[in-house]
Amino acid sequence: MPTEQALLLLILLVGLILVVAILLKSGLQRLGLPALMGYIGLGLLLHSADKTWQLFSAGDREVLAFLADLGIICLLFRVGLESDLSKLISQLRRASIIWIGNVFVSGLLGLVTAQVLLQLDLIPSLFVATAMTATSVSVSVAVWREANALNSSNGQLMLDVAEMDDLSAIALMALLFALVPVLHNNPDANWLPILGNAAAIFTIKTLFFAAFCFFFSRYLEQPLTGFFQKLEPAPDPTLMVAGVGFIIAALAGLLGFSVAIGAFFAGLAYSYDPRAVKIDASFATLYELFVPFFFIGIGLSIDLTTVPIALGWGAILLTAAVLGKLIGVAIPVIITDTWNSAALLGLSMVPRAEIMMIIMQRGLHLGAWAVSSHLFSAMVVVSAATTILIPLLLRCLLQRWPQTEMGSSL
């Protein structure tokens with residue numbers, strides 16, 4: 001049992017982390033850089049300090065891991081809450097060709113790069129391939145909004161494809177988590193029947209869980225939200241929404257999914273209710289409280305001895321990350337539009353952040369047979385490079401090729 005003094009020191013450390021995180025976010029936003037890179041950097045500094053001064057006990061790390069899990073739940077809950085499935089379905093025909101192309105090419109290129117160039121086994125390569133399919137919606141949207149181009153034809157197309165990327169990456173992540181334990185326990189078996197069996201079990205469990213979430217969304221969510229809004233003013237309704245989100249996330253974990261998948265489904269369950277979506281503004285406080293701990297946890301998880309190898313692997317994987325999205329997006333776009341549109345849309349799909357790092361972190365927690373510390377650090381390099389460098393280039397291209405609300409001016 002930790003002593004009272006140890007608990008007080010942990011509380012002091014958590015408070016200092018929150019204050020520094022706020023300062024990092026403010027400073028990086030003024031520079032036009034994503035706050036998550038500052039959080040990961042803070043985690044690296046804490047890791048280095050812990051190596052020198054033994055800051056964290058085993059219990060401290062468990063507390064920080066718990067806060068990081070709450071961060072994952074808040075992050076994916078908000079992704080689900082902000083998703084408009086009906087709108088995406090209505091625009092599926094317009095964006096689906098680009099979406100299919102960039103997911104297929106980026107995933108395939110990630111798989112080939114991991115297996116052929118890095119000589120990784122199948123399971124780590126599958127983690128790389130799945131992570132490569134994701135896109136960080138928030139990074140590109142911020143640049144397009146800053147350029148007053150988000151409401152243009154290309155801007156709306158970019159937003160639709162990016163959201164579809166993240167939704168498909170979450171679905172692939174859930175399938176991956178169901179598949180890899182089976183592949184790990186039967187390494188010499190024919191993996192196609194194993195894949196089919198795992199996919200069938202995953203589909204049944206997904207349908208069951210989706211049906212539960214649909215029933216909650218259709219028959220329970222609005223009466224429950226309305227009851228709490230009448231019972232007490234804010235912030236009680238927001239806390240109720242967050243509490244239900246945690247419950248659904250935990251149920252998903254008990255069913256064999258990850259809490260990330262459960263949180264995303266919980267967000268989707270609330271996304272149909274306009275009142276719940278309005279609560280998102282109040283939920284932002286919880287989001288800003290816990291999400292930094294997820295990215296700080298990523299920094300804490302990086303083994304500093306792997307950095308030299310990670311930089312080399314990261315350069316190779318970064319090339320695959322950029323080419324996968326550029327080729328996957330450019331080919332279908334060029335058929336109906338210009339090279340300029342293809343470049344803008346392709347670059348907008350390149351940044352990788354939240355979803356990719358969730359996938360890689362889950363793999364790291366499974367063990368080196370899934371994601372090694374070298375591979376994890378290399379993917380952090382990919383995330384850092386794509387979220388810092390791509391927005392700078394995209395901002396310059398949007399200034400050169402301005403977009404208008406009436407459609408592309410290219």
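**Aromatic pairs**

I counted eight aromatic pairs in this predicted model, where rings of Phe, Tyr and Trp (its six-membered ring) pair if their centres lie within 6.5 Å, and planes under 30 degrees apart are stacked, over 60 edge-to-face and the rest tilted. I looked up Phe 127 and Phe 177: their ring centres are 6.3 Å apart and their planes stand at 40°, so this pair is tilted. Phe 127 belongs to helix H6 (residues 122-132) and Phe 177 to helix H8 (residues 153-185), so the pair ties together parts 50 residues apart in sequence. Helices here are DSSP runs of H or I with at least four residues, numbered from the N terminus.

I noted that both Phe 127 and Phe 177 are buried, a term for under 20% relative accessible area, with exposed over 50% and partly exposed in between (1.4 Å probe, protein chains only).

I then turned to Phe 216 and Tyr 270, whose planes meet at 75° with centres 5.7 Å apart, so the pair is edge-to-face. Phe 216 lies in helix H9 (residues 191-231) and Tyr 270 in helix H11 (residues 259-271), 54 residues apart. Phe 216 is buried at 7% relative accessible area, and Tyr 270 is buried at 0%.

**Conventions**

I recorded that residues are numbered from 1 along each chain as its sequence is written. In this predicted model, local features need pLDDT of at least 70 and side-chain atom pairs count only at pLDDT 80 or more, while totals for chains, interfaces and linings use all residues; side-chain values use heavy atoms, without hydrogens and water.

Technical notes
Helix = DSSP H or I, 4+ residues; strand = E, 2+ residues; numbered from the N terminus.
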